[in-house]
Amino acid sequence: FVDAMTARVYTRQAVNELIANSQVPVVNALDDYAHPCQMLADLLTVVEHRGGYKGMKMAFVGDCQNNMTYDLMRLACLMGFHINVAGPADKGFNVEWSVVKECEELQKKYDGSFTIGNSRDEAVKGVDVVYCDSWMSYGIPQDERAERFKALMPFQIDDKAMAMADKDAIFMNCLPAVRGEEQTADVLEGPQSVIYDQAENRLHAQKALLTLLINGFDWKV
């Protein structure tokens, strides 16, 4: 017997089936459409390093057809900040239309906003947070690697990209990260990188989530 269940799966259908057949809370640790637990850790990291997130500007650059892009867009619209999303115009890298429509509805209700484009430099200009993710996400066949990298290399985050962001901007990547791919080694290990705090905060954010789900709002527990 357990008090809660965590599922890191390939499809939203798998999560829904667990929920339908569970008598305890089911935490979606990752599926093909969302990465909500990562969002908690990311917000905690932003608060630690910037003091808050209201009104901030973030850029997500790279492969835009993945769960991280989708949830960062949702997060911005819900929590009151702006996100620029930029990636190749080629088929296979674009934000799913259902997510665009979902975020359009969210920004009507809340204070956040988003833009989608195909220019790395325009996306990062003046932002407070620069974010990227693996170019070979879960489930992508290795035989697509060369073609994907050819399309994505203009969107690599390097020193030039970070210099176009705000002078106090931070760099984030939910890990794993590969030096020389979605970002250069200089950026990944540079003074603006907060990736290790970001990774540590996965633990603290998920502990808080489980406490909330199991014990409710009784913060004295």
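Tutor: Let's start with a definition: helices (H or I, at least four residues) and strands (E, at least two) are DSSP runs, numbered from the N terminus. By that count the chain comes to nine helices and seven strands. Keep in mind that this is a predicted model, where local features need pLDDT of at least 70, side-chain atom pairs count only at pLDDT 80 or more, and totals for chains, interfaces and linings use all residues. Residues are numbered from 1 along each chain as its sequence is written, and side-chain values use heavy atoms, with hydrogens and water left out.

Student: How do you know which strands pair in the open sheet of five strands?

Tutor: Two strands pair if DSSP finds at least two bridges between them. Strand S3 (residues 57-61) and strand S6 (residues 129-132) have three bridges, so they pass, and they pair in the parallel sense. Met58 has Val129 as its bridge partner in S6, and Phe60 has Tyr131. S6 and S7 also run parallel, joined by four bridges, with Cys132 opposite Asn173 in S7. The order of the sheet is S5-S4-S3-S6-S7.

Student: Why are S5 and S7 said to stand at the edges?

Tutor: Strand S5 (113-117) and strand S7 (170-173) each have a single partner strand, so one side of each has no neighbour in the sheet.

Student: What makes you say that helix H2 touches S6 and S7?

Tutor: Contact means heavy atoms within 4.5 Å. Helix H2 (residues 36-50) packs on the sheet, touching both S6 and S7, and its direction makes about 165° with that of S7. Angles run from 0 to 180 degrees between N-to-C directions, and axes are lines fitted to C-alpha atoms, for helices over the stretch in contact. Helix H9 (residues 195-215) lies across S6 and S7 too, at about 50° to S7.

Student: Is Met79 buried, exposed or partly exposed, and how do you know?

Tutor: Buried means under 20% relative accessible area, exposed over 50%, partly exposed in between (1.4 Å probe, protein chains only). Met79 has 24%, so Met79 is partly exposed. Met79 sits in helix H3 and, leaving aside neighbours within four places in sequence, is in contact with Leu43, Tyr53 and Lys54. In S6, by contrast, Val129 and Tyr131 point one way, Val130 and Cys132 the other, and all are buried.

Student: What is it that makes a set of residues a nonpolar core?

Tutor: The set must be buried Ala, Val, Leu, Ile, Met, Phe, Trp, Tyr and Cys residues joined through side-chain atoms within 4.5 Å. The largest one here has 31 residues; among those with the most contacts inside it are Met58, Met73 and Tyr131. H3 gives the largest share, seven residues. A second, separate core of 19 residues includes Ala59, Val127, Ala161 and Leu188.
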